[in-house]
Amino acid sequence: MKNNNEKATTEFNIPMEVTDETIRDFRIAPQMIKWAKIGSRKVRVTMIPVNENVYRTYMQDIWREEKRNQRSRVVMSLDEQFDEKGFDVANESSFENNVEMNERISAIYDFIDTLDETNQTILKMIIDGETEQAISKRVSLCQKTVNNRKHKLQERLRRELDKY
């Protein structure tokens, strides 16, 4: 058991792509090889133990690119999401679906009404399919703040809709 003065040690590893030749030449044990994604490719790798500084240096560009992609991704409007998922607007023959859909829509509007003006604007622009960059300009917040608020608002809305 560790006492309070000992720090918890975290192991840092970076993936190194391996081929049949490197496995054979360096006698890498089969249990040390796994599949991992490097860039956009899925490859066989072995994990190389490194210190925290090397790990952070290696991962910094990867994290930056992932965040850039996440922020530049266009969010689909609700109409586009309904079309993509193949949802049909409830018709007269599905009264229960109509009632359920109306309750959910009402819950969304009620949720939006509880928000402050900035969060209302952010959520409405997300629903309209605006990018985080466009939203950040409109509400005069940095894109990272908009991203954080977006995820928190979506999670709160998800929890609210789980009630229905």
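Glu-155 has a relative accessibility of 34%, so this residue counts as partly exposed. Glu-155 also belongs to a network in which salt bridges with shared partners join it to Arg-158 and Arg-159. The model you are looking at is predicted, and its salt bridges number eight. Here is a friendly tour of three of these contacts.

- Arg-158 and Glu-155 meet through their side chains in a salt bridge, with an N to O distance of 2.9 Å.

**Within helix 2**
- Glu-65 pairs with Arg-68 in a salt bridge whose closest N and O atoms are 2.8 Å apart.
- Helix 2 (residues 52-72) holds both Glu-65 and Arg-68, three residues apart, or about one turn of the helix.
- Glu-65 counts as partly exposed at 36% relative accessibility, and Arg-68 counts as partly exposed at 46%.

**Between strand 3 and helix 1**
- A salt bridge connects Arg-44 with Asp-20, and their closest N and O atoms lie 2.8 Å apart.
- This pair links distant parts of the chain, since Arg-44 belongs to strand 3 (residues 41-50) and Asp-20 to helix 1 (residues 20-25), 24 residues apart.
- Arg-44 has a relative accessible area of 25%, which makes it partly exposed.
- Asp-20 is partly exposed too, with a relative accessibility of 47%.

Key:
Residues are numbered from 1 along each chain as its sequence is written. This is a predicted model: local features need pLDDT of at least 70, side-chain atom pairs count only at pLDDT 80 or more; totals for chains, interfaces and linings use all residues. Side-chain values use heavy atoms; hydrogens and water are left out. A salt bridge is a side-chain nitrogen of Lys or Arg within 4 Å of a carboxyl oxygen of Asp or Glu. Helices (H or I, at least four residues) and strands (E, at least two) are DSSP runs, numbered from the N terminus. Buried means under 20% relative accessible area, exposed over 50%, partly exposed in between (1.4 Å probe, protein chains only).
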